[in-house]
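Q: Please take a close look at one part of this structure and describe how it is put together. Give the cut-off behind each term as it comes up.

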Amino acid sequence: MTTTTPPVTLADVRDAAARLKGVAHRTPVLRSRTLDALVGAEVFLKCENFQRVGAFKFRGAYHAASRLSPQQLARGIATYSSGNHAQAVALAARELGTTAVIVMPHDAPASKRAATAGYGAEIVTYDRYTGDRVAIAEALAAERGLAVIPPYEHPHVIAGQGTAALELLEDVGELDMLMTPVGGGGLIAGSATAAKGQYADLRVIGVEPEAGDDTKRSLEAGRRVEIPVPHTIADGQALHTPGELTFSVNRLLVDAIALVSDDEIREAMRFAFERLKIVVEPSGATPLAALLSGRAGRLPSRIGAIISGGNVDAERFARLCGGTA
């Protein structure tokens, strides 16, 4: 009989939490009686829009970078990202006294590019619809001797992301359901590992934009499925296929994927701003969109939802909430 060792365990997530203590923010959990009444359940929002760099990505980026050898750190770090992981690696590199080269799509939100550069990173741009960001980053890394920290395809990244769910459960206790956005799959893989490692019956639900349903299709097919690069306001979820490593975790631990439209994401962003008094970026709003629209299906009594980020500039936020972008 053969057994398969999972790439990330609850112990790994707990180790990551110890390494991140005092470096990453322990983000707040927000409650709203209005939201509870609308969805008919107790909802606990883990607000990673208050994390360093404005998104959960700092957890995985710093954790992975902090485990590099002194020799690797001396040479520098490379990665590829549409924005939040880019900022996270740039800040992690600065905190650890090294440099970062980031491959970003040329149409990445201007605010995310500016923030990445502001942390001191070198930015190399490409066309997300025709270019191969992984190949570009790996070529740069090989040429310059850099260590690559991918956005999600790394056990240390996954373990770091899982600390958000670990904190949520420590703060609010047992939940019936946990919801997270799904892009490459690192956040939900780490979150599912942390959650189901403690509460085996807890349901883990991912949320994707309708146009970018690669993980939903892949889970239904039992294998990774490729789709055309999606056009969606949720730029952090505009991927064409799940990660190989993350999918190996998610196919075992994720119970379902809910889909939301761009209009439903806009409504969730507007609700968060008007009723919860927080700014949430499109990808970060997808779990809230699924709850408000009824797309998450029949809901249990206690639900945790990770609001993954709040990186959206004022002009784009105004256009999105006004329904013109």
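A: In this predicted model, Lys57, Phe58, Ala61, Tyr62 and Ala65 of helix 3 are in contact with Asn84, His85, Ala88, Val89, Leu91, Ala92 and Glu95 of helix 5 (contact: heavy atoms within 4.5 Å; helices: DSSP runs of H or I, at least four residues, numbered from the N terminus). By class, eight residues of this contact are nonpolar, two polar and two charged (nonpolar: Ala, Val, Leu, Ile, Met, Phe, Trp, Tyr, Cys and Pro; charged: Asp, Glu, Lys and Arg; polar: the others, Gly among them).

Helix 3 spans residues 57-66, and its axis comes within 8 Å of that of helix 5, crossing at roughly 40° (lines fitted to C-alpha atoms over the stretch in contact, angles from 0 to 180 degrees between N-to-C directions). The crossing is right-handed (near helix turned clockwise from the far one by less than a right angle).

Helix 5 (84-95) also supplies at least two residues of the lining of the largest pocket, as do helix 7 (133-144) and helix 9 (186-196) (pocket: on a 1 Å grid, an open set of points for a 1.4 Å probe with protein on both sides within 12 Å along at least five of seven lines; lining: an atom within 4 Å of a point). Helix 9 gives the largest share, three residues. The lining as a whole has 15 nonpolar, 19 polar and 10 charged residues.

Residues are numbered from 1 along each chain as its sequence is written, and side-chain values use heavy atoms, without hydrogens and water. Local features need pLDDT of at least 70 and side-chain atom pairs 80 or more, whereas totals for chains, interfaces and linings use all residues.
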